[in-house]
Amino acid sequence: MKKGILLVNLGSPDSPTPSDVKKYLGEFLMDERVIDIPFIARTALVKGIILKTRPKQSAAAYKKIWWEEGSPLIVLSERLQKKIQKQVDIPVALAMRYGSMTIKKGLQELVDKGVDDVLLFPLYPQFAMATTETITVLAEELRQQYFPNLKIESVPAFYNKPDYIEVLSNSIKKHLEGKNFEHLLFSYHGVPERHIRKSDVTKSHCKIDGSCCATPSKAHEFCYRHQCLEVTKLVAEKLQLKEGSYSTSFQSRLGFDPWLQPYTDRTIERLGKQGLKSMAIVTPAFVSDCLETLEEIAMEGQEIFHEMGGNHFTTVPCLNDDDAWVTLLSKWIKAWESSKTETV
């Protein structure tokens with residue numbers, strides 16, 4: 001069997017125009033694992049309300065962060081893919097869950113190169129319904145419909161792998177070296193609390209009560225909240241951060257249902273009101289900088305902090321195409337290739 005890799009990231013509009021953003025948001029928000037309510041209600045909410053107002057606002061936000069080469073997330077993902085391809089001998093393709101760089105196109109690219117054994121690599125350290133799961137489910141649907149002879153296996157969440165924690169910690173340390181900060185905030189993308197409960201394989205462990213994430217359980221294999229908190233804990237230990245000098249928050253909530261807390265914007269506001277003058281923020285739910293990190297955090301977050309009296313606001317870039325990150329991903333890919341060779 002010929003092996004190949006399909007890296008999959010979130011996606012992006014083709015341009016920062018309201019029409020392209022509307023098309024992108026329509027696909028994204030109509031995903032039943034993103035807004036997990038009945039189809040009729042989801043259609044009424046997305047097409048009847050959100051898509052009538054949000055595209056213009058989101059397009060303005062995208063314009064603030066858009067690069068000359070295109071969408072930062074796409075450009076950075078392409079750089080990552082090209083660097084990895086130079087370090088491994090098997091084909092490495094890139095796809096997006098939403099937008100024009102579809103998973104189907106990515107699989108077809110590999111098939112056209114003779115690949116019949118694919119390692120699907122969702123570029124998310126933590127598992128979530130709206131990220132990892134929607135990628136793996138769609139890939140399997142596409143396999144059954146278009147690529148029945150293709151074998152696909154998926155990389156599980158790698159949030160707690162020691163070599164990942166080391167690369168992430170070293171990146172944070174490097175970017176904060178010589179920077180003045182009193183507090184390091186770990187901000188993760190938010191999800192509705194109901195997503196945590198729906199992903200609980202035990203159907204009873206996840207209560208989001210402050211203790212369940214610290215109590216060992218097989219539910220943690222698919223618990224986004226636990227995995228985020230674990231990344232914070234492991235990085236803090238690696239960097240020897242003092243208790244109270246760091247915390248965890250969640251950003252980008254939508255609608256009126258309860259989402260994971262504390263919220264990032266309110267945390268930044270609180271820290272500023274408490275008299276904090278310098279802070280740094282890192283976003284370990286993403287491996288590539290995107291709208292949420294470049295606009296929501298680096299721009300809006302900084303504005304909130306300054307309004308509350310803060311002075312120095314430092315954002316740590318995502319791993320992007322960092323050489324150590326590229327080397328680690330290449331090592332994992334080679335290990336998979338080697339194990340597959342040994343079993344054939």
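Which residues of helix H9 (residues 264-273) are buried? The second view below gives the reply. This is a predicted model: local features need pLDDT of at least 70, side-chain atom pairs count only at pLDDT 80 or more, and totals for chains, interfaces and linings use all residues. Residues are numbered from 1 along each chain as its sequence is written, and side-chain values use heavy atoms, with hydrogens and water left out.

**View 1. The whole protein.** The protein has eleven helices and eight strands. Helices (H or I, at least four residues) and strands (E, at least two) are DSSP runs, numbered from the N terminus. Along its principal axes, the C-alpha trace spans about 60 × 50 × 50 Å. A compact globule of 344 residues would have a radius of gyration near 20 Å, and the protein agrees, with 20 Å. That radius is taken over C-alpha atoms; the globule rule is 2.2 Å times the number of residues to the power 0.38. Of the 344 residues, 53% count as buried.

**View 2. Helix H9 and its cover.** Thr264, Thr267, Ile268, Leu271 and Gly272 are the buried residues of H9. Buried means under 20% relative accessible area, exposed over 50%, and partly exposed in between (1.4 Å probe, protein chains only). Just after H9, glycine 275 takes a positive phi of about 100 degrees.

**View 3. The four-stranded open sheet.** The strand order is E2-E1-E3-E4, with parallel pairing. Two strands pair if DSSP finds at least two bridges between them. E2 (92-98) and E4 (151-154) stand at the edges with a single partner strand each, so one side of each is left without a neighbour in the sheet. Neighbouring strands are turned by 30 degrees against each other on average, direction ignored.

View 4. Strands E1 (residues 3-11) and E3 (residues 117-122) run parallel, joined by six bridges. Valine 8 has proline 122 in E3 as its bridge partner. Helix H3 (residues 72-87) packs on the sheet and touches E1 and E2. Contact means heavy atoms within 4.5 Å. The direction of H3 makes about 155 degrees with that of E2. Axes are lines fitted to C-alpha atoms, for helices over the stretch in contact, and angles run from 0 to 180 degrees between N-to-C directions.
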